[in-house]
Amino acid sequence: MSIIKNDFEKMNITKIKKSKNQKKLTVITAYDALFAKLFEEIADMILVGDSLNMSFAGRPDTLSATLEQMIYHTNAVCTGAQKAFVITDMPFGTYINKDEALKNCIEIYRQTNAAAVKIEGGEDRADIIKHLTSNSIAVMGHIGLMPQYVRSEGGYKVRGKSKEDEEQLIRDAIAVEKAGAFSIVVEGVMSDVAKKITEAVNIPIIGIGAGNVTDGQVLVWSDMLGFFEEFKPKFVRHYLNGAELVKEAVNQYRNDVQNSSFPSKNEEY
């Protein structure tokens, strides 16, 4: 079976910014070298998301991810996908003020080949983002539904349902852009509001649960490929029934072991 691929072009900050109104950007998460290699020449950007703590560590939210974990997984992704533009999520508690944020981002840059970091927050984090970008740290913003705010906000809530919230989200995006971010993830936002946010700034808006009106999309790979069975968010499309296919394959392996058809003579030394 042939695999159709677009002409691969390694991304950088300049190319990402210039894609605004020119090209829809494709972003996907990865946490290890194996899957990062598979995505390397297909996705425009690979995000090492703190979502790994939910998808692969079985935790109820992302808050317990540590800097050490993110560095470990970022190194794995960068090793597997050396041509990719890799972004690392800064985990909860690692950017509580400007000095802590810069110190921890410097550790990410020193210990990995990540091209950028991602930080949740709008106007409330603009001063931190500005401090980072002023010190040569490339920052992707993240506004709207923010997983690291889940406990303080009482759950995962769709944003932009009121005029006041719409206006706040637009202010957040503008503040993050002015602080020097090269792009912004907008998550869990009403699509009409996401469109206004996209039009309000000159940097690419990457949507997740924000309709098709943004400058690109990001999905968690285990959601997109159907490996995460506990629930399926409304905004996720399954492009593969991964969990079912893996179970079928492992069940076949078990059967082959039990009936001695594996290994065969051709699989012996």
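A polar contact of 2.8 Å joins the side chains of Lys20 and Asp215, where a polar contact is a pair of N or O atoms within 3.5 Å; within protein, one atom must be able to donate a hydrogen and the other to accept it, and residues adjacent in sequence count only if both atoms are side-chain atoms. The model is predicted, and local features therefore need pLDDT of at least 70, side-chain atom pairs count only at pLDDT 80 or more, and totals for chains, interfaces and linings use all residues. Residues are numbered from 1 along each chain as its sequence is written, and side-chain values use heavy atoms, with hydrogens and water left out.

Lys20 is placed in the loop between helix H1 (13–18) and strand S1 (25–29). Helices (H or I, at least four residues) and strands (E, at least two) are DSSP runs, numbered from the N terminus. With a relative accessible area of 11%, Lys20 is buried; buried means under 20% relative accessible area, exposed over 50%, and partly exposed in between, with a 1.4 Å probe and protein chains only. When residues up to four places away in sequence are not counted, Lys20 touches Thr198, Val201, Asn202, Ile203, Pro204, Ile205 and Asp215, contact being defined as heavy atoms within 4.5 Å.

The chain as a whole was examined next. Its secondary structure comes to 10 helices and eight strands. A compact globule of 269 residues would have a radius of gyration near 18 Å, and the 20 Å of the chain agrees with this. This radius is taken over C-alpha atoms, and the globule rule is 2.2 Å times the number of residues to the power 0.38. Along its principal axes, the C-alpha trace spans about 65 × 40 × 40 Å. Of the 269 residues, 49% count as buried. Among contacts between residues at least 6 apart in sequence, 59% join residues at least 24 apart. The accessible surface comes to about 14300 Å², and carbon and sulfur atoms account for 52% of it; such areas come from the Shrake-Rupley method with a 1.4 Å probe, and for residues only the protein chains shown count as cover.

Helix H5 covers residues 98–111. At the start of H5, a side-chain oxygen of Asn97 reaches to within 3.2 Å of the backbone nitrogen of Asp99. The buried residues of H5 are Ala101, Leu102, Asn104, Cys105 and Ile108. An α-helix has 3.6 residues a turn, so residues three or four places apart point the same way. The buried residues of H5 pack against helix H4 (67–80), strand S3 (86–89), strand S4 (116–120) and helix H6 (126–133).

Annotated positions were then considered. An unreviewed UniProt entry places the feature "binding site" at Asp50, Ser51, Asp89 and Lys118. Although spread over 69 residues of sequence, these positions cluster in space, with a largest C-alpha distance of 12.5 Å. The record also places a "binding site" at Asp50, Asp89 and Glu120. These span 71 residues in sequence, yet no two of their C-alpha atoms are more than 11.4 Å apart, so they gather at one spot. UniProt positions are given in the numbering used here, feature names are shortened, and annotations may be inferred rather than shown by experiment.

Asp50 lies in the loop between S2 and H3 and is buried, with a relative accessible area of 3%. The backbone nitrogen of Asp50 lies 2.9 Å from a polar atom of the side chain of Asp89. Asp89 itself lies in strand S3 and is buried, with a relative accessible area of 3%. Beyond four places in sequence, Asp89 touches Leu47, Val48, Gly49, Asp50, Met70 and Lys118. Ser51 is found in the loop between strand S2 (45–48) and helix H3 (52–55), and counts as buried at 15% relative accessibility. The side chains of Ser51 and Tyr31 are joined by a polar contact of 2.6 Å.

The feature "active site" is placed by UniProt, in an unreviewed entry, at Glu187. Glu187 belongs to strand S6 (residues 183–187) and is buried, with a relative accessible area of 12%. Neighbours within four places in sequence aside, Glu187 is in contact with His142, Ile143, Gly144, Leu145, Pro147 and Ile208.

Note on methods. Expected span 1.5 Å × (residues − 1).
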